[in-house]
Amino acid sequence: MHSLQPRPRKMTDPPHFSIPKDHVSFDKFKTYAASIPYSIEPNSQMQDLLDFIITRITQTILAKDYEPGLLQWDSMLAYWLMLKYPLPKAKRIALAKVYFNLCVIPGMPLSVVSTCAETLQVLTRSKRKLRVEDLRFDWRPIWEVLEKDLFLSRRQFEITQTSYYMGHLAEITRRFFHPACADDMLEEFVPRINGMDLNSVLSTQYFMNTFLPLSHPFWMPMVMKLWQSVNSYMFDERHLALLSTLAEMHVDPTISDPDRIDGIPFDGAGEKPRVRWNKKDYYDDCYRDPVTGRWKGLYQDVGIFTQEEWDFIMCKCLASMQIPLADGGSLTTGPSVDEQASFEFSRLPKSQWRIFSLARLIVYSMFPDGKQSSQSGSATPFEMPLPPTMMNGAAGGGADYFSIPLPKERSYLAGCKALDSLARLIVSVENFFHPSNSGAWTADLSAFVKYIVLEFNKRWHEEEKEDCNVPMNRRLTPEIRRELVRCLRTVALLAMFSRDGATVSNIQSAMKSITVMEPELILHPVLERAIPSLEALVETQRTTAVIKALGAVALALVSRDVYYAGSKHLLNILELLLPGIDLNDPTKTMCTTAFLVEVSQYVKFGDLTQVEAAAVSEDNVKASWSPDIRKKGIIDLPQVRFDLLPEPTEEHANANPAKTLARFVPFCIKNIRHEIEHGASSLRTTSMTRMLPSDATLHWNLAILRGSICNDGRAILPYREELTSLLKLLHEKTFSKRGFSWTGNLICSIVLTLTHTYPLENKFVNPDEWESEDFQRNHHKYWGKLYSAKDVKIQWHTASEEELDFAFDIFENLVDPTITLLQSLLDESVPRDAVWRNDFCR
């Protein structure tokens, strides 16, 4: 077996392999390296190791040792890449070419193809590190394999994953296909279309959607016309995925500039295509500014689509929701048509979900591209327009008011055509968001809302970056963002009361994104519904729903950067949530504690009544957590857990592990010993479902003890003797499945806490800032504070000699005897009865 050691000769990178010190990846790497609690190898040494790994990969390929030689050294390369050391571009390109050629070698084992494709995806994933100007692949080797393998005769057919891996490989490498090869691809694909054979239509569409370069889609009008002539659900799903990718890519006009094609060489792209008609003149006439000669991009009526194409897309969007419309019979025939498709399409990679594709397509088609109409909720103008005769001063004009010609130019919501279409769509399906009108479509509708706001936030932050190439007049505006929130707010407030878990989860995610976008538009409607429900506590389902909604908008309550005025509502909400801790309603209790966990990530629970009045009134924030409320909130939190506390604690468990262990460890050990002595977990079982009620107290205390020791290994050392004795007792006396399983979990948690490297605390500010006098007096001013990666200060736990010794002691006293017992149970002379099965599982 090869030894993973660098060659003794000192290796240096060639000049073109050097990494600039101002490189973005190198700066990020240095920031992360400075944050970890141990030293790392210098970059020069890791580059030598990379060269050694590449050499071994080359040797295995030359020797045709693909299994296991190549797979072994590929795993070494994967581990090297996980360390996030900068990989020089020349080496990245060379490795990508090697792995691509390995994937298309005829007869290569599929396990090797799969591994090489995964590594190739990792190497080429970043669009910033590799572009088509840097690397080009030939599309024909992949096409030749797919063409022969997709449809096989009965005599040739065997179930393989060749088509899947080749399709996956094409999706990975398509952005490295030369744009000038699109004509050659169309000459191969388009003649295969047979309108009488659904399989030929679907297969041709898959080839075009997978292979055609996306940077210069001169072929898009053709595929749009083809789409309009096909009624197939599978066709719709793949085509919507293609259009969403195009819409996202071409918000940047520089990508489709025809001048780029001339600067891309043909090396590695296969045979140079034949000379054809010049499309540059066509592009110049349609998309280039006639005055300045500047390339404008592929912008048309709505995004990169014409008005006719956009209307068809929105029609497909409504059909994809699967809503039972009275007059929508023809919209739902696609799935029945697809029953005629061959089963071999299941061997190809699945397309992305149509709901996500639709959301991304609509968001990346939003531009200020129309006349802006009046805002939502604005009043109708009081003054009516005068007739033309009166405007011209003609006396006695008999013109009627209704004879005034209507304006010819149409206005749109926030001046955005795509947003206006989305608003009309949401209004038309608003009734289907209501909990009383739920069905199979509810999850799709809620997911559509979730992905709309997620993609909008993604694009918004992309356009805020300095290197964004989207023109200023084509970027999202605050008016578009505000109208989008108003459009989706009503349906989100309706669907948050749904009984379907998937729908509620989607709406919660959507409300979190909306909170970041326009907090004042979503927080107050939620509070208007939550406060009466929490005060009355009439309907349990409604109470649970509003608690979940409060957790979704919690960021507006605790973060000053998100919504400055939201903090004044926090104290009232916390007081109303106290009845949510109900031992008779676990679901409501879980929702309430989840909200408390969400809030505690951004604020410090402290008593501000002792702060000077001037300091509090400075920001007009009454964020007091009075001693009475704290006592109720912790003593009532669950009485079964905290009835032992003589007084309420002020810190969370992981904020002060020593105090937590001092209160819980003696109590839990005492109760566990008491339960074991009185027969808890003494009945031998091998099933987790059959639990005796008499064992509940033992299991409860085991869970509390395990949860309290997962914070700091140094705080466990004073209880070394007590814990070792307890573990031995549990190992010998627990015979039920849950008893010995939870004992193993307790041992695992103790060993991990003692030996692993992990952060000691997760406060929302740095430790030095947490201890500062200003923070102790005015911690309400720091709520929701965020740091950049370079400013974060982390306190790490690293295993000490005493902790390692404790961990080795657990292995010697518990693990080694258990292995010896297990070996004795495997002896052939031991009878295999119920006792043997229980002992073996233990």
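**View 1. Packing of helix 2 against helix 3 in a predicted model**. Helix 2 (residues 43-62) and helix 3 (residues 66-82), both DSSP runs of H or I with at least four residues, pack with their axes 9 Å apart and at an angle of about 160 degrees, the axes being lines fitted to C-alpha atoms over the stretch in contact and the angle running from 0 to 180 degrees between N-to-C directions. Helix 2 is therefore roughly antiparallel to helix 3, a term for angles over 145 degrees. The model is predicted, so local features need pLDDT of at least 70 and side-chain atom pairs count only at pLDDT 80 or more, while totals for chains, interfaces and linings use all residues. Residues are numbered from 1 along each chain as its sequence is written, and side-chain values use heavy atoms, with hydrogens and water left out.

**View 2. Residues in the contact of helix 2 with helix 3**.

**View 3. The aromatic pair of phenylalanine 52 and tryptophan 73**. The structure holds 25 aromatic pairs, counted where ring centres (for Trp, of the six-membered ring) lie within 6.5 Å. In the pair of phenylalanine 52 and tryptophan 73, the centres are 5.8 Å apart and the planes at 85 degrees, so the pair is edge-to-face, a class for planes over 60 degrees apart. The pair links helix 2 to helix 3 across 21 residues. Phenylalanine 52 is buried, at 3% relative accessible area, and tryptophan 73 is buried at 2%, where buried means under 20% with a 1.4 Å probe and protein chains only.

Note on methods
Helices (H or I, at least four residues) and strands (E, at least two) are DSSP runs, numbered from the N terminus. Angles under 35 degrees count as roughly parallel, over 145 as roughly antiparallel, 65 to 115 as roughly perpendicular and the rest as oblique. Contact means heavy atoms within 4.5 Å. Rings of Phe, Tyr and Trp (its six-membered ring) pair if their centres lie within 6.5 Å; planes under 30 degrees apart count as stacked, over 60 as edge-to-face and the rest as tilted. Buried means under 20% relative accessible area, exposed over 50%, partly exposed in between (1.4 Å probe, protein chains only).
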